[in-house]
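Dear colleague,

I am passing on the structure below, and my notes on it follow directly after. Please read them with the coordinates open.

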Amino acid sequence: MDQLNLEKLGIPTVTISSSEFISLAKDTALGNGAADFSVVVVPHPMGMIPQAEIRKKAETAFPEILKAATDWKPVAKLPPQTPVFPAGRFQLEGTIEEVNRFFFEKGLSLGLPVIPPTPERVAGMLKGTTRKPDDLLGMVPPRMGALTVELVAIHAAMAGCEPEYMPVLIAALEALLDPRANWRGLTTTTATSAVLVIVNGPVIYETGIASRQGAAGSGHHANASIGYAINLIADIVGGSKAPSPDKSLLGGPGDFVCWVFGENQLALPQGWDPYHVDRGFNKTDSTVTVMGVYPPVDNIDHWSTTPDEHVNWWAHLVTPLLSIGGPCWVSQMYQPHIVALGPEHAQLVSGAGWTKDRFRKAFWEKARIPFSAWPKGCPNVDLLVEKLGPVNADTPIPITLRFEELHVVVAGGAGKHSHFFPPFPGCFPVTRTIKK
Amino acid sequence: MPNRKRQEEEKMKRRSPKMVFLVMSVFLACVFLFSFPAFAKETKQKWEILNPEGVVKIEPMKINPHPSTLDGKTVMLRWNGKHNGDQFLNRVGELLKENVKDVRIIKSWEVAPETVDPIAGSHERSQEFARAIARFKPDIVIGAQSD
């Protein structure tokens, strides 16, 4: 991506890619309109090998690098462009099982069952929105598949959504298409990342979005089918399929159904605003917030009786290294992290008169580790010094540069758990109003 | 003897309803089993399906021509921060100096450390990196990208 942006500034480039990542590099280039670009492939891996070995790889590749720099000409051409609307149709004959097998073998499902998107089902789904079927929401990376409202309805039908979920789904997708959400990074990374969707406002009750006990788990049709539809769109329209361009090293359940829950607004402590109000919206607005995250850390605190004790639990569990922040990738320190407080933990904190700000400030001050705890070899120490001032081995490094980057929502039901969602690099929360 | 025969006949009469019931039960069980196999065979049907794949919409992008020689040119080596990328490029830089006349080598991580970030994240940030590198007016950028 960075190389392509240099090309856009008129600077020719040669990209060195390891053999395991060449298809991702090519897909990224194609998705940005470059059918061909100058690339030299080096046998994987490049990282985590001795210096003598990496220098040897450079020597072996050098003649090709020199040739690529001075004697490269594009050969491949872009595929022909076709209209984005209406969606194509095809006929099939078979049982529901055979239709599902066809979908999976053609790369049109994730492997879980889908409901065949017949014209009747899709027309029914479109009744859930006032948006026109040919409205173009944007291009889903990395394939840059054009996402129309009709295509959203097709995937909603496949995932088993009800028509009234469409406005939530459309708002979530528009948020993901915002460059700040970094959907591309999320769907092509080696990390076990997932999309987190937080719903706020009256829509929770109007649409049946679960916001209490086990909200993000099974048994909640709206949450599960919306989460499934989002991942269907990422993989099929966005083309983010493993093993490439989805480079997930292990992957996880979040690749099938992403995290979806409503904030438990009924359990908000007195004086604590709902999350969407913190984000600048009105209490009566219905909103959806999306964010690319790593799997959460579960804070199982059955024992604290004061907010200070509870914050200490957090400080033992959560460190800046969780989100590979700090000296490795200082940019992470600017990113919001989501603290999904269980209602009982929220009551513990607020019962002592703590505001949301006081809680997150205390959390931020406590959850630090000394600089000496960082792995050796992390780059960017200079940038850390620039941000935090001089550091030595004992300097406590915070998770984020400012406490305000800890975003607090109240989530789930009864129990002594809370969850911390570290952000995936480059991902910022994006909130959209849900419009019918 | 006639008495015994009568007893046998009466015994048979008593047995008959049981036999009839048994035979009927077996018959009905067979009918049930053969009519409803363990896995009902689904009937095939014709489906019209809307294609969920969508189409790719791409604005063509111009890729710049490369110089025919690096003699006397400025080459920027761009490292994104992934492990060993700098070591690889350091060696490439040494080899360029050995093999190319009057080549000028600039290392991005030395002149623009803010661009050392393995995951630029957003398109805007990636553009910022590109602008920071472009300020040095390289004739070509050789970048090491991956793991």
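In chain A, 4 strands form an open sheet of mixed pairing in the order β9-β14-β10-β13, where strands are DSSP runs of E of at least two residues, helices are runs of H or I of at least four, both numbered from the N terminus, and two strands pair if DSSP finds at least two bridges between them. Because β9 (297-300) and β13 (406-410) of chain A each have a single partner strand, they stand at the edges, and one side of each is left without a neighbour in the sheet. Within the sheet, β10 (residues 337-341) of chain A runs parallel to β13(A), joined to it by 5 bridges, and Ile338(A) has His407(A) as its bridge partner there.

This is a predicted model, in which local features need pLDDT of at least 70 and side-chain atom pairs count only at pLDDT 80 or more, whereas totals for chains, interfaces and linings use all residues. Residues are numbered from 1 along each chain as its sequence is written, while chains are lettered from A and ligands numbered from 1 in the order in which they are written.

Between the chains, 92 residues of chain A are in contact with 64 residues of chain B, contact meaning that C-beta atoms placed from the backbone lie within 7 Å. The largest share of the chain A side, 10 residues, comes from α3(A).

Best regards

Technical notes. Contact = placed C-beta atoms within 7 Å.
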